Amino acid sequence: MEARHLFSLLTVLLFFAYFIKNRRKRRAYLLFVLYFLPFMDLTVTTEKLGSFTVFDTISYCSLFFLIQDFAFSPRRIKAYCFLFWVFLAILLIGALRSEFIVNSLINIIKIAPIFIYANLLIAEYYEDPTVVRSVVRGLKFTALASVVFLVIQMILGLELLSFYPYLNQNILDSSIVRYPSFFQDPQMYSQFLAMSSFLFLIKADDTSPKRQYLNYILFVILVFAIFLTGGRSGFLGLCIGLSIVFIVGENKLRFAIAACALIGYLVAIYLPGHFSLFSRQEGYDEAYAVRHQIWKEAYTVFANNPSLGIGTGNYLSYTQQHSLGGYYVINDEIVYYGTESGYLKILAESGVLGFVLTFLFIVLPVINAIKARIKKINNNNIFYLIAAIVCWFTAFSTLYTLSDKRTQVLLASLICLLITSVKKIEIENVSYR
């Protein structure tokens, strides 16, 4: 048994012990996911049995005990529940008409747990709004734990400390190591860090200046960790998110962002060789040319199946079946790279209908939060959450990150915080410390 399978088994057993013992089972499930987030993407079953993860397993097990909470959702999110059932129906239709029905149906089963998590999180909020504080603390804890993991990785080496037997081939570029922490891909990790960093900008009314300055220091540490990952898409997402914060944030925060931008510029000019983010074997033009060809291949798949796509989870099987490319040949071995764009992957697999429904889950809460902020809520915390989601939108254009359960949970948590922010108990009345 590989170490990662042992870790996944131990995590599931620990969850059962904690879950059964705890009287508040919904809260227990949510807290366990948040504080054991690094282990949520480890697989419990083999690839032949669907590669179900720790998160999938404990979510379905929790649903057995919490089915009433899931079935009877708060009235104010009925629209999102209706959207979920329509989305599920579209995916099922697409799966049944695809060439790889079983594979697509298994993938749908693996998509549902994130909706279980989001539904139960919002239900818990209506019973106890202080769960918001627990969510933010849990996500901050995981972000900082990933940096600690990265530091130990730098000391011991990737060979001795990793959750995966094989890491993405891009970890070594120009002889500079790109550190993935407990992720498999440093690009995916950079996006996770960039999104998480905005949580350290959130400020509650009772947050002391000392604690807030500590949050700003931790924010800078996460940004520095992004440099060590070498992830351009995550860094670009961070920059665009910070531009939103610069526009709506306080003056002292604007000054801090400007100072960080200047420091980053100086590092890029005078110390590029120490960070793979600024020193790559391939230039931007070369990288774009390669990705442009990959995007054309993915768009061709979508153009041939525009309405419902080829079935969710089927892109790799489809391109192999129809010899449409989608791979590199490295050392006489075929390495499949997918679509190099999350948007194109969803379009190709789910068609226009699935694509629109997918992003309605994300766009609608953002729009409603902006409306609430303009009309009646005088709180910049909403825009910090939006900046984190915009960061994800940016990086998603070159990297499909929804395959990782940890990114799923982070994104779903941010969306749920936005949804609850426009409800009866407003976001500024809940402590985020």
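**A conversation about the predicted model**

Analyst: Thr-53 is a buried residue, with a relative accessible area of 5%.

User: Where is Thr-53 found?

Analyst: Thr-53 is in the loop that runs between α2 (25-35) and α3 (54-71).

User: And which residues is Thr-53 in contact with, leaving aside its neighbours within four places in sequence?

Analyst: Thr-53 is in contact with Met-40, Asp-41, Leu-42, Thr-43 and Val-44, and also with Lys-405. As for Leu-42, its C-alpha atom is separated from that of Thr-53 by 5.4 Å, and the two residues are 11 residues apart along the chain.

User: Turning to Lys-345, is it buried or exposed?

Analyst: Lys-345 counts as buried because its relative accessibility is 17%, and buried means under 20%. Its place is in helix α13, which covers residues 342-375.

User: What does Lys-345 touch?

Analyst: Not counting residues up to four places away in sequence, Lys-345 touches Thr-339 and Tyr-400.

User: Let us step back. How many helices and strands are there in the protein?

Analyst: The protein has 15 helices and 4 strands. Of its 433 residues, 54% are buried.

User: What share of the contacts with a separation of 6 or more comes from residues 24 or more positions apart?

Analyst: Such residues account for 73% of those contacts.

User: On to helix α4: how many residues does it have, and what length does it reach?

Analyst: Helix α4 (residues 78-96) has 19 residues and reaches 27 Å from its first C-alpha to its last, close to the 27 Å expected.

User: Which residues of α4 are buried?

Analyst: The buried residues in α4 include Tyr-80, Leu-83, Phe-84, Phe-87, Leu-88 and Leu-91. In general, residues three or four places apart point the same way, because an α-helix has 3.6 residues a turn.

User: Which residues line the second largest cavity?

Analyst: Its lining consists of Leu-121, Ile-122, Tyr-125, Val-131, Val-132, Val-135, Cys-416, Leu-417 and Thr-420. Helices α5 (101-127), α6 (131-156) and α15 (405-421) each supply at least two residues of that lining.

User: What is the lining of the second largest cavity by class?

Analyst: The lining has 8 nonpolar residues, 1 polar residue and no charged residues.

Note on methods
Residues numbered from 1 in each chain as written. Predicted model: local features only at pLDDT ≥ 70, side-chain atom pairs only at ≥ 80, totals over all residues. Heavy atoms only, no water. Expected span 1.5 Å × (residues − 1). Buried < 20%, exposed > 50% of the residue type's maximum accessible area, 1.4 Å probe, protein only. Contact = heavy atoms within 4.5 Å. 1 Å grid on protein atoms, 1.4 Å probe; cavity = no way out; pocket = protein on both sides within 12 Å on 5 of 7 lines; lining within 4 Å. Nonpolar A, V, L, I, M, F, W, Y, C, P; charged D, E, K, R; others polar.
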